[in-house]
Amino acid sequence: MKGVKGIQYDNAAQRKTYVGYVYRAGTEAVKKNHLDQLDEKHSLLHREGKIHIHDLEAYGQTYNCLQMDVLQGFPYERLMTFSNHRKITEIFNHFRDLIVKLGNEQSGGMGFPNFDEDIAVLVDRLDIDESAENLGILKDSIESFIDWLNNARERCGQVTYYVSLNLGLSTKKIGRSTTKWVIEYFKNSSPEILKPNIIFKVKKGINYNECDKNYDLFCLALESTCKKMIPTYLLFDSKTNEKYDPKKVAIMGCRTKVADNLFGEPCSTGRGNVAYISINLPRIALEIDCDYPDKSGHEKLDIFKGKWTDIAISVKEILIDRYHQLCKLESSDFPCNHKYNLWINNFETVESLEEIFKNGTLSIGFIGLSEALEIMSGERYYDSEENYSDALDLVRYMREVVDRFKFEHNLNFNLLGSSGEFISGRFPEIDKQYFSHDFIDKDFYTNSFHVNVDSGLHPIEKIAIEGPFHRYANGGCISYVEFSSAPLNNTEAISEIIQVGIDNEVNYLGINFPLDKCCNCGNVGTFDDCFSCGSKDVLRIRRVSGYLEELEFFTAGKKAEVAFRKPNL
Ligand SMILES: [Zn+2]
């Protein structure tokens, strides 16, 4: 690698720094080392681009992500003698401390499963009275926490923290105020404030109907989404999620969902994804197309299932090996978790880390369902009823196999609709070496089960097509609707899309649009050159893999995808 300038981005959150260069060089060496130690059959699957082992450098060293249980191990006693002012500021100092330390201790994102309720509970437990003065301090502290989340960088300065705030359900005074302050601050901030990711939990009886106590907060969320794409919406009245207690289940901004648990009731708090691997679906289709050109679409689909299952079995073996290696570590290898008890079980009292990490998930992901089906049938999966039912059948089949793994091995395997920021470009790049096809030349594969980004389908149609897939992707998934520009003040349109999502089994929903800011005059909108001052110096904000980022820093695959995107009008 040629110094700092030679760093190639793996994801849009990275920035080049000297220390980042050193970290990056170390990461590459560790990845190679881990890959070399795998069974050759397994490492070859990764090297040949049939699968992608995410966060390979963390193999057997740590888990992926966590919805933190911040209440369990909170240092109440240390704060008890402080003034109210200090207690409030210390809550957020503690959160910053957790985020920095976990950033060194795990490979992926951190979530607050109920940020609003957690703040309300902490204020109550710390005996902070709800005077106007204290509320003012709390509001200021929340706002500066958001600024910090947007600016702070981990991994030696090169990556922003992936932090997700789930909120919207607390009906307590402080909880409601927290949600209001978070969303209002984000909504009114300038376009370059991109983080944290905010997820609004939608539930009838709490915030969805006009008569609900938190309906005003839902309306505020819609206004913010119209302006800045955030929040996204976790839908608890949709068939996919209606069985869950909304306060117990949350989602990571990247879409990772941890809900069902073989070892307890469904919940997300104190749990996370341990590891995930994505399977390259177009690659399987390309091989079949090459080897069996004369077979019918249905025959090809049967062959596809067989080939996918073979790969999935290897993926399962890798995940189990990784899980066992992880469980061999000591509690003291996770100092922050150990001290603050952020997982569901106590690091201090467990006999083995298996008691902790068995509650996590092992996810088998997929990308490019759309390309795979089109390669085999010649048509997009949503262009005919027959193809659509084949596509659903295939994903249902994948879920059945993953469920079988779960019960056979008594581990929380689940099926993930991969967002694949890096792999959407990596897979076609490798596939090019073996095959030639139009789909490879466009330089990216479509996320998970999504319809193609240039489908131009009406939002309602798009949601209705993608919705039923959410039923099967229990490890997490999202559907997006793409607008041509910010639907400013058109909260009704967003509200209607959310209702369609609820009616069509959508688990998690987001609204995208191109958001541009002129660096010369500050004008905000969607444009090539600034329509106010004519400047070409424009900051372009786009959503990639669940998080807002600046287009300039996208990976090659995602830049290619953005160029193809057409709005759902
Ligand atoms: Zn301008």
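I began with the metal, taking as donors the N, O and S atoms within 2.8 Å of it (3.2 Å for Na, K and Ca), with the caveat that water is not among the atoms and sites may look incomplete. The model is predicted, and I kept to its limits: local features need pLDDT of at least 70, side-chain atom pairs count only at pLDDT 80 or more, and totals for chains, interfaces and linings use all residues. Residues are numbered from 1 along each chain as its sequence is written, and side-chain values use heavy atoms, with hydrogens and water left out.

**Zinc site**

I looked up the protein donors of the zinc ion and found the SG atoms of Cys518, Cys521, Cys530 and Cys533, at 2.3 to 2.4 Å from the ion. Along the chain these donors follow the spacing C-x2-C-x8-C-x2-C. Cys521 lies in the loop between strand E14 (515–518) and strand E15 (524–525), and Cys533 in the loop between E15 and strand E16 (538–544), so that the pair, 12 residues apart, links distant parts of the chain; helices (H or I, at least four residues) and strands (E, at least two) are DSSP runs numbered from the N terminus. I then checked the angles subtended by the 4 donor atoms, and the arrangement is tetrahedral because they run from 103 to 115°, the criterion for four donors being that all angles lie between 85 and 135 degrees. For reference, the ideal angle for four tetrahedral donors is 109.5 degrees.

I also looked up accessibility, where buried means under 20% relative accessible area, exposed over 50% and partly exposed in between (1.4 Å probe, protein chains only). Cys521 is partly exposed at 40%, and Cys533 is partly exposed at 35%.

**Aromatic pairs**

My search of the whole structure gave 31 aromatic pairs, with rings of Phe, Tyr and Trp (its six-membered ring) pairing if their centres lie within 6.5 Å, and planes under 30 degrees apart counted as stacked, over 60 as edge-to-face and the rest as tilted. One of them, Phe347 with Phe357, is edge-to-face, at 6.2 Å centre to centre and 80° between the planes. Phe347 sits in the loop between helix H11 (335–340) and helix H12 (354–357), while Phe357 belongs to helix H12. Phe347 is buried at 1%, and Phe357 is buried at 0%. Tyr381 and Tyr388 make a stacked pair, 6.3 Å centre to centre with 15° between the planes.

I noted one charge over a ring, a label that requires NZ of Lys or CZ of Arg within 6 Å of the ring centre and within 35 degrees of the ring normal: the charged end of Arg283 sits over the ring of Tyr434, 4.4 Å from its centre.

**Nonpolar cores**

I took a nonpolar core as a set of buried Ala, Val, Leu, Ile, Met, Phe, Trp, Tyr and Cys residues joined through side-chain atoms within 4.5 Å. The largest has 151 residues, of which Phe95, Trp308, Phe357 and Leu369 touch the most other members. Helix H10 (residues 297–327) gives the most to this core, with 13 residues. Another core, of 10 residues, lies apart from it and includes Leu234, Phe236, Tyr244 and Tyr508.

**Ser141**

Lastly I looked up Ser141, which is placed in helix H6 (residues 132–151) and counts as buried at 7% relative accessibility. Leaving aside neighbours within four places in sequence, Ser141 is in contact (heavy atoms within 4.5 Å) with Ile88, Thr89 and Phe92.

Notes
Tetrahedral: all angles 85-135°; square planar, octahedral: opposite > 155°, others 65-115°.
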